Amino acid sequence: MSTKRNTPFNSSSPNGVNCAQLRELIPAYSIGATDPQETALVESMLEYCPDAAAELTDYLVLADEFLYIVPPTRETHPPLDVPMPKLPPVKPTHEPAKIAQAPVILKNRPNNGRLWVIAAAAAITLVLFGGINFYWFDQVTQLQGDQQAMATQLATAQVAMLPINAGEVHHRDLLPNQEVNVSTNAHATMIWNSAREVGSLYVTGLPPLTADKTYQLWIVRDGESVSLGVFRVDDTGTGTLVFESPEPIEDFQHIGVSEEPAAGSPAPTTPHLVIGNI
Amino acid sequence: MTNHPSPEDIELIQRIKQRDQNALVEIHGRYRNLVYNMAMQVLKNASSSEEVTQDIFFQVWRWPEKWDPEKGRFTSWLLTVTRYTAIDRLRRENRQPPLSPHSLDHLAEFLAKKSPFEDVRRDNGRLLRALIKELPKEQRDIIMLAYFRGMTHTEIAEQTHLPMGTVKSRIRLGLQKLKEAWFEAMEQPSTEPE
């Protein structure tokens with residue numbers, strides 16, 4: 001709601017501050033267009049000019065709305081930035097019902113037997129169509145689920161890339177530990193930024209865990225393990241961890257992921273499932 | 001006009017505060033294009049905009065408490081941070097996208113485009129775009145420069161070779177008209193069906 005004011009535009013506050021000068025700057029100030037000295041002037045005078053402060057509130061509402069007029073350079077709603085793979089057409093297991101030519105019904109000559117046959121054929125047809133519709137509904141639902149899963153995986157991978165924005169970036173692959181029973185598909189990539197001491201882990205192929213378990217990422221130096229955080233994987237075995245390292249990662253020799261109790265452990269309690277060297 | 005934060009955003013940020021990475025994945029999926037669009041509007045460079053987008057979500061992950069739901073919507077905060085981050089980057093790179101008459105036209109061109117929002121923001125965005133289009137071109141162009149390029153009075157005067165007084169009066173008069181028209185339109189009852 002716009003603030004209504006009755007004060008003349010060239011008013012001054014009782015303490016002599018020129019509120020008219022301030023009000024001239026308010027529109028530009030609201031969108032950040034004032035020069036530094038003008039900005040300082042506005043901020044120092046606002047408390048003495050309540051009308052100007054109220055006016056600024058209105059302009060800030062307007063400036064907030066400016067945020068929402070940006071055109072969609074990239075579409076907002078489609079969740080995928082990569083084209084969806086073309087899926088092969090699904091063949092229905094039911095043969096489409098063959099509909100017989102409708103018999104001609106002669107006027108004024110009701111035939112109960114023939115009507116019964118027509119009704120039965122219509123009922124069978126309805127059942128068959130219902131079955132086919134249900135089948136296709138099921139297929140579409142499944143494809144939508146697949147698409148959602150792919151979108152989630154893509155988003156997960158994108159989140160894992162967040163730390164690599166600037167600075168010196170390193171990455172290491174973690175492979176299955178041959179000494180434990182873990183899928184050969186298990187794989188992890190650790191990316192970190194040595195300028196910020198932040199990084200991320202992107203994991204695939206690890207088995208989903210029960211609620212009382214979690215995975216934990218470790219960096220190891222001379223037998224001492226330091227935790228970089230805990231994470232879980234989804235039903236496809238994919239997971240991410242964004243972490244901040246308490247110490248420079250380059251000071252460590254190894255990286256590993258172990259299975260731990262849900263809250264994590266101060267030190268690994270099980271062998272590393274995937275391992276890598278720094 | 002609603003300034004209430006959505007319960008979903010509040011919940012997602014709460015989960016991020018508890019270091020739930022799935023919440024980060026969700027909020028990233030929900031708003032990454034919005035952030036990218038704002039960055040692109042300022043930077044006019046796809047790879048820089050991607051980097052700013054990553055940086056913004058990294059900031060959300062590290063400092064989720066910076067958004068105060070009491071002060072407004074999450075998207076407003078997110079877009080404001082994005083705008084300032086992109087403008088900072090533009091300044092650090094010491095570049096400004098070229099300021100030809102064509103680029104000024106381009107800045108105003110988007111006013112005719114469809115908003116990416118599908119809620120009440122869409123209607124407000126559409127209304128504000130229509131109102132901006134009604135401004136005299138010389139006022140509109142300078143307001144767009146100030147807002148999306150982060151340029152101050154002095155910088156605009158230097159770039160456009162206009163007298164400082166002209167720049168100031170165009171911004172002031174343009175925004176005054178816009179504000180009056182905006183609140184007048186907001187006070188009118190909606191003609192759309194409920």
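The structure is a predicted model, with an ipTM of 0.78 and a pTM of 0.56. The mean pLDDT of chain A is 74, and 64% of its residues score at least 70. Residues 3-10 of chain A also have a pLDDT below 50, and that stretch makes 16 contacts beyond near neighbours in sequence. Where pLDDT is low, the predicted coordinates should not be read in detail.

For chain B, the mean pLDDT is 82, and 81% of the residues reach 70 or more. Among the elements of chain B, the lowest mean pLDDT, 48, belongs to helix α5 (residues 101-109), whereas the highest, 93, belongs to helix α9 (residues 164-187). Over residues 99-104 of chain B, pLDDT stays under 50, and the model has 8 contacts beyond four places in sequence. Over residues 114-118 of chain B, the pLDDT is again below 50, with 15 contacts beyond near neighbours in sequence.

The second largest pocket holds about 500 Å³ of space. Its lining consists of 22 residues, and those nearest the centre of the pocket are A:Leu60, A:Asp64, A:Leu67, B:Ser76 and B:Thr80. Three helices each supply at least two residues of this lining: α1 (19-30) and α3 (50-66) of chain A, and α4 (74-92) of chain B. The greatest contribution comes from α4(B), with 5 residues. Sorted by class, the lining of the second largest pocket contains 10 nonpolar, 6 polar and 6 charged residues.

In chain A, strand β8 (residues 274-277) pairs with strands β1 and β7. Strand β1 (residues 169-176) of chain A runs antiparallel to β8(A) and is joined to that strand by 2 bridges. In this pairing, A:Leu175 has A:Ile275 of β8(A) as its bridge partner. Strand β7 (residues 254-261) of chain A is likewise antiparallel to β8(A), and 4 bridges connect the two. Here A:Ile255 stands opposite A:Gly276 of β8(A). The side chains of β8(A) alternate along the strand.

Most residues other than glycine have a negative phi. B:Lys44 has a positive phi, near 55°, and is not a glycine. This lysine, B:Lys44, lies in the loop between α2 (21-43) and α3 (46-62) of chain B. Because its relative accessibility is 30%, B:Lys44 counts as partly exposed. B:His161 is another residue other than glycine with a positive phi, in this case about 60°. The loop that contains B:His161 lies between α8 (153-160) and α9 of chain B. With a relative accessible area of 71%, B:His161 is exposed, since the class of exposed residues begins over 50%.

Technical notes: Residues numbered from 1 in each chain as written. Chains lettered and ligands numbered in written order. Predicted model: local features only at pLDDT ≥ 70, side-chain atom pairs only at ≥ 80, totals over all residues. Heavy atoms only, no water. 1 Å grid on protein atoms, 1.4 Å probe; cavity = no way out; pocket = protein on both sides within 12 Å on 5 of 7 lines; lining within 4 Å. Points joined across faces, edges and corners; volume = space filled by probe spheres on them. Nonpolar A, V, L, I, M, F, W, Y, C, P; charged D, E, K, R; others polar. pLDDT = per-residue confidence, 0-100. Contact = heavy atoms within 4.5 Å. Buried < 20%, exposed > 50% of the residue type's maximum accessible area, 1.4 Å probe, protein only. Pairing = 2+ DSSP bridges.
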